Amino acid sequence: MVNEHQESKFRNSRMNFDEVYFWTDTIKDWKHLLKQDKYKEWIISSWQELVNL
């Protein structure tokens, strides 16, 4: 049997597998991980590779 939703063990919430969700998060101490361009470029490059699959 396939579950129609995923229970969260961290929150009192449910996610349905057939829905679209927006997810956001924060970084400990609000560090600026994307301050250097090389990290932004790496992420963009990774996304471009995924698009081309």
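My entries run from the whole chain down to single residues.

**Ground rules.** I am working with a predicted model, in which local features need pLDDT of at least 70 and side-chain atom pairs count only at pLDDT 80 or more, while totals for chains, interfaces and linings use all residues. I number residues from 1 along each chain as its sequence is written, and my side-chain values use heavy atoms, with hydrogens and water left out.

**Entry 1, the fold.** Along the sequence the pattern reads β-β-α. For these labels I rely on DSSP runs, numbered from the N terminus: helices are H or I with at least four residues, strands are E with at least two.

Next I checked pLDDT, the predictor's confidence in each residue, from 0 to 100. The protein chain has a mean of 79, and 75% of its residues reach 70 or more. Where is confidence lowest, and where is it highest? I found the lowest mean, 55, in strand S1 (residues 5-7), and the highest, 93, in helix H1 (residues 37-51). A note to myself: where pLDDT is low, the predicted coordinates should not be read in detail.

I then asked how much of the protein chain is buried. Buried residues make up 0% of its 53 residues, where buried means under 20% relative accessible area, exposed over 50% and partly exposed in between (1.4 Å probe, protein chains only). The accessible surface of the chain comes to about 6200 Å², with 56% of it belonging to carbon and sulfur atoms. These areas come from the Shrake-Rupley method with a 1.4 Å probe; for residues, only the protein chains shown count as cover.

Ile 27, Leu 33, Leu 34 and Tyr 39 make a nonpolar surface patch of about 360 Å². Patch members have over 30% relative accessible area and no salt bridge; nonpolar side chains (Val, Leu, Ile, Met, Phe, Trp, Tyr) are joined within 5 Å, like charges within 9 Å. I placed Leu 34 in the loop between strand S2 (14-16) and H1. Leu 34 counts as partly exposed because its relative accessibility is 43%.

How many salt bridges does the structure hold? I have two, each a side-chain nitrogen of Lys or Arg within 4 Å of a carboxyl oxygen of Asp or Glu. In one, Lys 40 pairs with Asp 37, the closest N and O atoms being 3.0 Å apart. These two are three residues apart in helix H1, so about one helical turn separates them. Both are partly exposed, Lys 40 at 33% and Asp 37 at 48%. In the other, the side chains of Asp 29 and Lys 28 meet at 3.3 Å, N to O. Here Asp 29 is exposed at 56%, and Lys 28 is exposed at 64%.

I came back to Asp 29, in the loop between S2 and H1, for its phi: near 60°, a positive value in a residue other than glycine. Trp 30 sits in the loop between S2 and H1 and has a positive phi of about 55°, although it is not a glycine. I logged Trp 30 as exposed, at 66%.

My last stop was Asn 52, in the segment after H1. Its side chain reaches the backbone oxygen of Gln 48 at 3.1 Å. Asn 52 counts as exposed, at 64% relative accessibility.

Note on methods: Polar contact = N/O pair within 3.5 Å; in protein donor to acceptor, adjacent residues only side chain to side chain.
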